[in-house]
Amino acid sequence: MTSLEKCSVCDGPFSPLKWWGLRCKVCTTTWHVYCYHKKHERLKTWNESETSEEDISDDDPEYVPASVTDSEDDEPPSSLIKSTVLEDKQSPMMDTSHISGITANKTSTNTTDSTTIAKKGLNFCFVCKKAQFKIARHFKAHVKENADIAKALSFPAGSKSRKEWLEKLRNKGNFVHNCEVLKDGAGSLKVKRRAKGDYKKYEYCIHCKGMFMRAELWRHMRRCSSKPEDHDHPGRKRVLGLAAVVKSTCSSAVEDGVLKMLSHMHDDDIASVVRNDFCLIRFAESLYSKHGHDPSKHDYVRQKIRQLGRFLQAMRKSSPILTLEDAIKPGNFLNVIEAVKETAGFDKDRNSYKTPRLALKIGHSLLKVSDIIHCHALMAGDENLIKSSDAFQKLYRAKCLFSRHMAELLYFMEKLRSLLAHHSYVIQRYHLQYLSQFDALVLNDTIQGMNVCPEEESVLLSSFVSTLSAMTLKNLDGGGEFDLKPFRLDWLRLQAYTSTGKAPLALKDYPDLAKIMNMAQFHTRMMDNVNELLFETADLSILCFHARVFEKMFSQSCEDVSMQRYLMSFPLVCSHFSQCLHPLCPEETEEMEQQTLKLCVTFLEENARQTCTVVLDICAEQCNLNEKLLPKHSAEKISTVRNKKLKKQVPKKREVPKEKPGTESLRKDRAVVSNLDKMHQMLTELCTSYSMGADFTVFKHILVPAEFLLSQLEMRLTKVIVQMASYNPSTHDIARPSDLLCGIQAYITSLHNLSCYINIDVSRLVKNVLLQQTQPLDSYGVQTITTLYTNWFLEGLLRQASSALIVHCPTTQCFINQNIENEQSFNAEEYSDICELRSLSELIGPYGLKFLNENLMWHIISQVGEMKKLVIDNMDVLVQMRANYENPEAMSILHKKLTGCENVLKRMTIVGVILSFRSMVQDALEEIMDKHCHFLMRPIKCLKDFSYSDTDIKVALDVYEMASAAGLSCDIDPALVAAIANMLTDNTSIEDEFKISCLLLVYIAVSLPTLCQDPNSFYRREHGGHQNNIHCLATAVNHLAAAMFTVQRKSIQKNLEEFLKVASSALLQLGQSEERVEMKNRDSVYLLLHMIVQESPFLNQDILEKCFPYVLLRNAYREVHQIFIHTMG
């Protein structure tokens, strides 16, 4: 033995020097020698006397009438040590769901007369579930199977501890057996005392688990040996309730304080429902944690729990829902509403509740229960339960929180306030006559009929009569103010005198006097204290402290169409929130003001948003109807009628015939309501709310509801216009300007009808919105249609025109698509004809076209900069060519040294295409300006006609800039002049720039013959231009030369004449060429000189005749026309 080992009997240590011990070879258990022999002797004694005392308990000292004592199963003597009942976690000791909750009713119905009382002396083992008359002897068979049995049998035979433990084990086995009997509805119940009658008379003891008569359970629990020392007796009336709570399904996880509180609940069916629903128990714990410290609130907690118990009981009767956890599922919400109505006594005929507040209380309790379930679901990670609780809370707040007539109530309260303020004179006049001609007379008659009236009370009563009688209409009409506070104070003094116990004049003996004086007091307040009376009776400023509740009331009213006409009452209520302020709390003023303004603005914006949505929906519907009337939709009908010669076309099978415009207006029944009718009705309801007042004041801030509506309309209409453009940057698709203009006009027409509903300035709204669309960005920083169409024309139309995929057609003044294999995604003619450009000018106006011109100029300047680089690279060759342009041999040699001729012509053509497009846009703008501002265009035209660039170029440019902004064409383009002037830097010399400009014209002139080598350089008579847009060179040369030489203060005509000479010389050399390629399109290129002179305001035919024979031009036109006839023929 070592000193660390201990004896298994006495737990004493071993000492190698003093003690000798024994060790088992099998289980290595150790004993002292003395302890081992003593234990061996005790086991022999137990085997001999195991049937003497262990199976027999002492007699029960309690006397129960009409009962027979079961001697073997009586309680142990009260002298035994008191301790708690032994519980086995694996045993079904607390699992009594089969006798409680939902299945309680089933147990009572399923249990028949086959349930009897077990015989005397018979007990049941909790291990093997068998009945035994000698249970203590039977436990010996299970000593190695259960630790509690082994411990009980380890005590000496006949000891108190042994008897106590055996009693606990007997009760435990009997309890398990009784639970099975009640569950199955058949068998023998083991009770402590047998009584005559039904088994329902018995109930469990919460301490020892023995079954006693219900009527006598309280006596046993008072003396139960298993009762804890600190446990107070619940009393005779609460014993059964406590027993029912403890045996409930959820009792094992409930605090003792909650159990004690629930035990005081009346033991009935509702209490059974409460005790066996997990969510109700958790709700009880929540209320107990809040109010448990105050015993006076326990009744309130029990009342709240019983309300939900009644609700759950009603739900079980009308639906298969059994627990509150099932009740909060969204699919069962309608069943919840029906159960609440049944619990609160809802009468369908009267549409009212017998107890309205009960329905509201149950709703609040259900919301709290859903919060509790949500918390437990989060801890358990139950996603389905989390979603169910969230959905229930949303449904509850949407359907059951407030009355749907709250907005109407607030509206009429505000209406009454305004009526009282408006008709204050009429009200005062009425009550003045009432006081002087009725109240005074009735009061005087009442005083005269009094038997006893002391002197002091008599003085007061006399003053009342005199005060009321002295009031006349002259005082009111004269503008005098009434102060009747002394009258009311005297009445309070009289009540104090006559309400004491020893008062000679008792007010209770004269009830008529009190009625008359109270009525007169109210009438006096209507004379001089109406505002305070309104504050006392109709003050709504308390809502400022419940902002979330107020917002929920507003959101619920918004969903009800019948309440939308009263929505303006919510922001009007905010105007009374200043009454909550107090002079002693000035620090609250600023915060209260901010919160109130924020809340009020929220209401106004939401109301304006709803109204704006309906208005724009109506506009969209009208726009769709207007779109059906466009001429493009009639082409199909005209073609069908023409081809079928007025014969009706038979529709194919499964083909629905198209409805004609106006079909929606045909109605066979007046009761048929279209979607547009519903929207107009909703608009009427919403606009009616704006009639409550033009403005109101909130904390010294004046708020105008109509301005909120205009702001919302402006923002939403701006977005709608941009969306109607349908611009796609990736595919470069955009709506035609004419279609967009028709849609906007339909919207504007519908918006003007809004003036029939509400007094707002629609014209100002439309002007603000359309004016923003003429700028690159609107007031919110979003791109407008000006930016969208500018990007589209630059990237979609002009970029393809620069590649000759799209051709400028001077005859029809538009761009057309080339007949090539790769077709464009759009038809250029549909976007660039005169009608579309007029629509574009109508949409974006002069401001938008100015932005478009600025972007066009940027592209032109970039091309000019590249051409100047080419000039600098070929500077020496161009200088020699400028000097020797009349020498064919030298020109031929120098032309071979010249590089980049195709490049400079290509860039010059791009400049010409851009300037041609700009000229078309300017012409469209001029027509629009003549249409809308005819009175303004005449002075501008006169001023332009009398301005000459030869006299003062600065003045002329200013006039040209104004004329160009109005769409008028000018000899010198002011936008191009400004763009070229911005290219000059501080280090740039005017002479150098002039030299580069002259050489650039020479470069273009000597490069013209290379155009003959391009197969697309032929002239098309039907288009009035060349196939590769080289006819735009005429526009480019004239505008660019005029702008460059204007900046450099040089003669435009002189330099253009030089250009004609060099170009004529270069083109005349084509006649001497024998190459067939150069001869092919020579006549088409000759026409460029005539176009340049024809479009230039600085050149004429006489100047051209000096340089280039006219007979060549005539022959060129003849050849081109012959080709055209041959091609068309």
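In which helix does Glu 685 lie?

Tutor: The model is a predicted one, and the description below should be read accordingly. Glu 685 belongs to helix H27, which covers residues 675-688. Its relative accessibility is 13%, and because buried means under 20% relative accessible area, Glu 685 counts as buried. Leaving aside residues up to four places away in sequence, Glu 685 touches Val 561, Ser 562, Gln 564 and Arg 565.

Most residues other than glycine have a negative phi. Lys 700, however, has a positive phi, near 70 degrees. Lys 700 is found in the loop between strand E13 (696-698) and strand E14 (701-703). With a relative accessible area of 82%, Lys 700 is exposed, whereas Glu 685 is buried. Ser 726 is likewise not a glycine, and its phi is positive at about 55 degrees. The loop that holds Ser 726 runs between helix H28 (705-725) and helix H29 (737-752). Ser 726 is partly exposed, its relative accessible area being 45%.

Two packed helices are described by the angle between their axes and the distance between the axes. For helix H17 (residues 424-448) and helix H21 (residues 511-528), the angle is about 160 degrees and the axes are 9 Å apart. Angles over 145 degrees count as roughly antiparallel, and H17 and H21 are therefore roughly antiparallel to each other. The crossing of H17 past H21 is left-handed. On the side of H17, the residues making the contact include Ile 427, Leu 435, Phe 438 and Asp 439; on the side of H21, they include Ile 516, Met 517, Ala 520 and His 523. Sorted by class, this contact has 14 nonpolar, 5 polar and 1 charged residues.

These parts sit in a chain of 1129 residues, of which 46% are buried. Its secondary structure comprises 46 helices and 18 strands. Of the contacts between residues at least 6 apart in sequence, 68% join residues at least 24 apart. The accessible surface of the chain is about 60300 Å², and carbon and sulfur atoms account for 53% of that surface.

Key: Residues numbered from 1 in each chain as written. Predicted model: local features only at pLDDT ≥ 70, side-chain atom pairs only at ≥ 80, totals over all residues. Heavy atoms only, no water. Helix = DSSP H or I, 4+ residues; strand = E, 2+ residues; numbered from the N terminus. Buried < 20%, exposed > 50% of the residue type's maximum accessible area, 1.4 Å probe, protein only. Contact = heavy atoms within 4.5 Å. Areas by Shrake-Rupley, 256 points an atom, 1.4 Å probe, with all protein chains shown as cover. Axes fitted to C-alpha atoms, helices over the stretch in contact; angles between N-to-C directions. Parallel < 35°, antiparallel > 145°, perpendicular 65-115°, else oblique. Left-handed = near helix turned anticlockwise from the far one by under 90°. Nonpolar A, V, L, I, M, F, W, Y, C, P; charged D, E, K, R; others polar.
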